[in-house]
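Have the structure open as you read.

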Amino acid sequence: MKRINEEQPGWSVLLRADPFLTRLAFGLLRPKHKILGADVAGRVDAVGGNVTQFRPGDEVFGDLSGCGFGGFAEYVCASEDALALKPANTSFEEAAAVPSAAATALQGLRDRGQIQQGRTVLVNGASGGVGTFAVQIAKSFGAEVTGVCSTSKMDMVRSIGADQVIDYTREDFTKNGRRYDLIFAANGNQPISAYKRALSPEGTYVMSGGSGAQMFQAMLLGPMISMTGNKKMGNLLKKPNKKDLALLREFLEAGKITPVIDRTYPLAEVPEAIGYLENGHARGKVVITVPGEGAR
Ligand SMILES: NC(=O)c1ccc[n+]([C@@H]2O[C@H](COP(=O)([O-])OP(=O)(O)OC[C@H]3O[C@@H](n4cnc5c(N)ncnc54)[C@H](OP(=O)(O)O)[C@@H]3O)[C@@H](O)[C@H]2O)c1
């Protein structure tokens with residue numbers, strides 16, 4: 001399949017094996033997956049004998065993190081279960097920006113967060129790759145959404161549907177006295193005690209991204225805090241699956257989500273793309289383009 005590829009900071013974790021424990025899952029002495037890159041969009045070039053869902057020429061998108069990665073390349077060999085037909089109203093660049101980040105937001109809000117209509121949801125890191133999808137998906141569930149980002153991104157976060165926007169450079173949402181039914185931490189570091197303070201009495205905190213310390217607090221302390229009161233706290237590890245990819249396709253078709261793309265880089269500049277992401281201030285997603293794909 002010839003394709004366009006998307007990148008996210010998760011890859012720099014795999015790329016650098018930082019935190020060190022990453023090696024337990026992705027290769028102790030050398031990387032298990034030599035070519036990184038999970039999210040792809042492109043045209044099917046050829047299919048294997050057992051493939052029933054796709055034909056050569058089909059335009060598809062998907063997440064290869066469950067079937068060996070390898071996205072940073074002109075062609076990739078993928079399991080058909082990792083792919084779905086690309087929506088006709090979505091360009092290759094847009095489609096490539098969706099699978100991992102939007103599935104993380106979807107699973108965090110819906111599965112771990114039990115999001116419900118009318119509830120108050122705060123998205124920390126609302127202006128990044130995961131956060132821009134989280135704001136839109138939370139709105140599509142009928143929640144009242146507050147996004148947290150820096151000054152220059154406030155208008156963008158409002159434009160994708162946030163009802164309120166908090167500038168973290170001027171206001172600490174954990175100290176302003178407001179409480180939220182669901183806090184989704186796509187990014188932005190606060191100690192778990194601060195997140196707990198900002199939750200309503202039966203609120204839920206879901207951590208999907210941030211620093212190593214934030215991750216370990218959510219993984220280790222979250223379950224203990226959840227046992228001692230009515231607040232639920234924990235982390236999320238996105239699991240790629242066909243059902244959610246199909247739902248995200250529906251969201252794209254219905255205009256419930258529109259990828260926010262900060263910039264694109266050609267395949268030869270993957271290191272520059274990762275360097276840009278590692279600064280931690282992308283405005284939505286960064287996309288890698290592959291020559292000759294004819295992206296719109
Ligand atoms: N759990 C999973 O399965 C899973 C899946 C995918 C990704 N992730 C992780 O999720 C994290 C986010 O990914 P991403 O693609 O959204 O990253 P990203 O695009 O690099 O996110 C950067 C965003 O975070 C914001 N930010 C930085 N410092 C902040 C702060 N103190 N408070 C609030 N926002 C802040 C930045 O906003 P400003 O520019 O406005 O500062 C920027 O827009 C990463 O750590 C990634 O590894 C986890």
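A polar contact here is a pair of N or O atoms within 3.5 Å; within protein, one must be able to donate a hydrogen and the other to accept it, and residues adjacent in sequence count only if both atoms are side-chain atoms. Keep in mind that this is a predicted model, where local features need pLDDT of at least 70, side-chain atom pairs count only at pLDDT 80 or more, and totals for chains, interfaces and linings use all residues. Residues are numbered from 1 along each chain as its sequence is written, and side-chain values use heavy atoms, with hydrogens and water left out.

**The ligand**

| Residue (backbone N or O atom) | Ligand atom | Distance |
|---|---|---|
| valine 130 | oxygen | 2.8 Å |
| leucine 236 | nitrogen | 2.8 Å |
| alanine 282 | oxygen | 2.8 Å |

On its own the ligand has 930 Å² of accessible area, and the protein covers 88% of that (Shrake-Rupley method, 1.4 Å probe). Around the ligand sit 27 residues, of which Ser127, Ser150, Lys153, Tyr168 and Lys238 come nearest (a residue counts as near if one of its heavy atoms lies within 4 Å). Sorted by class, that shell has 17 polar, 8 nonpolar and 2 charged residues. For the classes, Ala, Val, Leu, Ile, Met, Phe, Trp, Tyr, Cys and Pro are nonpolar, Asp, Glu, Lys and Arg are charged, and the others, Gly among them, are polar.

**Two helices**

How do H4 and H9 lie relative to each other? The axes of H4 (residues 99–112) and H9 (residues 242–253) come within 10 Å and cross at roughly 100°, so the two helices are roughly perpendicular (that label covers 65 to 115 degrees). Axes are lines fitted to C-alpha atoms over the stretch in contact, with angles from 0 to 180 degrees between N-to-C directions; helices (H or I, at least four residues) and strands (E, at least two) are DSSP runs, numbered from the N terminus.

In H4, Pro99, Ala102, Ala103, Leu106, Gln107 and Arg110 meet Asp244, Leu245, Leu247, Leu248 and Phe251 in H9, where contact means heavy atoms within 4.5 Å. By class, this contact has 8 nonpolar, 1 polar and 2 charged residues.

**Two loop residues**

Threonine 169 is in the loop between strands E7 (164–167) and E8 (180–185). Its side chain makes polar contacts with the side chains of aspartate 167 at 2.6 Å and threonine 151 at 3.3 Å.

Serine 208 is in the loop between strand E9 (199–207) and helix H8 (212–227). Neighbours within four places in sequence aside, serine 208 contacts Thr104, Val130, Phe184, Ala185, Ala186 and Leu236.

Key: Parallel < 35°, antiparallel > 145°, perpendicular 65-115°, else oblique.
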